[in-house]
Amino acid sequence: MNQHGRFGPTRPITLKILRYKPGFIDPPRYDTFQVQADPLMTVLDALEEIKATADSTLLYRHSCHHASCGTCGMKVNGREQLACVARLVDEGTDEVVVEPLGSAPLVADLVVDMTPFALHMAPSGMALVRDSEFMPEAERPAGVERYTRYEDCIECNICLSACPVANTNPGFIGPAGLAAAYRALVTGERPAAEVFAYVDHDDGVWRCHSAMECSAVCPSDVQPGHKIMALRRELVAYKVKRFFKRG
Amino acid sequence: MAVPIQQKSTGARALQAWFNPLKRSAGFLAFVLMRVTGIGLVIYLLLHMVVIGNLLRGPEGWDALVATMKSPAVLVLDVILIAGILIHMLNGIRVTIIGLGFGTSSHKGIFWTLMAVAALLLAYSGWLVFTK
């Protein structure tokens, strides 16, 4: 058994972590720490060890530790991942660079401001948990007022960070918001005209430049890039139909 | 136990968001290529207009320019220009197809297929440029 209470050999891995604290560590810099990583040690495990034993001022967000809350999204060796399931040894490097997500204002160290993301998600009406539309006929046990259904999107902001357009255009609704709009359309959560009015503008569905990186990095297999393209197809069909109805 | 080792500064990362394809997927590479070739083609069009302006210098000026254009170095630039046109044009077809919601699940395959077509056409074009 190793020092982490798990089995498996350990090897030293250096974490190069971006640090920023307005007025104190300003401009940002990288701090470097070394940990003894076993095959199961995640980036979040390493951050917790650093915070507990080396630098208690290190700031990062986390909650569930099992990829369902979407809180610990960050860049690991330049690629967006959930720190709680990204294993250090899987990176295959002796040094692992840990940085905050892009496209969101940096608050401190690895913590970004999620407000812009939430503001882009809210108009779709697709919150993380919402009423089920699939089982209206199902019998409910006594005391259960209604069923709820969990959406795939864990609202981690990883897709916006990986999107090259969102990184340079803060007004862009972004992959998660547009994917949510598509869900609102296909489930009937919102009237089609309302959804299309929300996405049919320069910073909406047409701003996407098809890099599809959002789909590549999404830890929850939402495939937001694919949803954006499907939303465009529906929008074009809607416009064509409306054009001929007018004629 | 974690041990602090060293500290050093970092610079701006804005350009990385558009032009750094490292650790990214094929779609991001397509995005980068589209921008690089697009910027390159705009620069070429501006240079082209300047070069065409040599017509105003009469036959002597134009003949000298044509002689320069036949030098191996300029022919290499011609091949680079053709590469830019092919990549931008074929990638544009990919963007159009998936941008309308078709073949999104195959977008990587579409990209690599079109880039293979670009490579074949470029090889043929290069052969024509240097032999004809």
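Predicted model: local features only at pLDDT ≥ 70, side-chain atom pairs only at ≥ 80, totals over all residues.
**Chain B, overall**

Select chain B and colour by secondary structure. Its assignment comes to 5 helices and 1 strand, and from the N terminus on the elements run β-α-α-α-α-α. Of the 132 residues in chain B, 33% are buried. For the contact pattern, take pairs with a separation of 6 or more: 61% of these contacts in chain B are between residues 24 or more positions apart.

**A nonpolar patch on chain B**

Keep the surface on and select B:Leu15, B:Phe19, B:Val36, B:Ile39, B:Ile43 and B:Leu47. These residues form a nonpolar surface patch, with about 570 Å² of accessible area together. Which helix gives the largest share of the nonpolar patch? Helix H2 of chain B, residues 26-52, contributes 4 residues. Stop at B:Val36, which is in helix H2 of chain B. B:Val36 has a relative accessible area of 45%, so this residue counts as partly exposed.

**The interface of chains A and B**

Show both chains and select the residues in contact. There are 40 from chain A and 30 from chain B. The area buried between the two chains is about 3000 Å², with 54% from carbon and sulfur atoms. On the chain A side, pick A:Tyr30, A:Thr32 and A:Pro164: they supply 15% of the area that chain A buries against chain B, more than any other three residues.

Turn to the polar part of the interface. Between chain A and chain B, 8 residue pairs are in polar contact, counting residues at pLDDT 80 or more. The interface also has 2 salt bridges. To view one of them, select B:Arg24 and A:Glu80, which form a salt bridge with their closest N and O atoms 2.7 Å apart.

Next, colour the elements of chain A that touch chain B. Those supplying at least two residues each are strands E1 (11-21), E2 (25-37) and E4 (79-82), together with helices H1 (43-53), H4 (164-168), H7 (213-217) and H8 (224-246). The largest share of this side of chain A, 8 residues, comes from E2(A).

Most residues other than glycine have a negative phi, and most peptide bonds are trans. The next stops depart from that pattern.

Select A:Asp26 and A:Pro27. The peptide bond from A:Asp26 to A:Pro27 is cis, with omega near 15°. A:Pro27 is in strand E2 of chain A. Is A:Pro27 buried or exposed? Its relative accessibility is 57%, so A:Pro27 counts as exposed. For a distance check, pick the C-alpha atoms of A:Pro27 and A:Ile13: the two residues are 14 apart along the chain, and these atoms are separated by 26 Å.

Move to A:Asn77, in the loop between strand E3 (73-76) and E4 of chain A. Phi of A:Asn77 is near 50°, a positive value in a residue that is not glycine. A:Asn77 has a relative accessible area of 11%, so this residue is buried.

The last stop is A:Glu155, in the loop between strand E9 (148-150) and helix H3 (158-162) of chain A. A:Glu155 is not a glycine, yet its phi is positive at about 55°. With 25% relative accessibility, A:Glu155 counts as partly exposed.

Methods
Residues numbered from 1 in each chain as written. Chains lettered and ligands numbered in written order. Heavy atoms only, no water. Patch = residues over 30% accessible without salt bridge, like charges linked within 9 Å, V, L, I, M, F, W, Y side chains within 5 Å. Areas by Shrake-Rupley, 256 points an atom, 1.4 Å probe, with all protein chains shown as cover. Salt bridge = Lys/Arg side-chain N within 4 Å of Asp/Glu carboxyl O. Buried < 20%, exposed > 50% of the residue type's maximum accessible area, 1.4 Å probe, protein only. Contact = heavy atoms within 4.5 Å. Buried area = accessible area lost by both parts, 1.4 Å probe. Polar contact = N/O pair within 3.5 Å; in protein donor to acceptor, adjacent residues only side chain to side chain.
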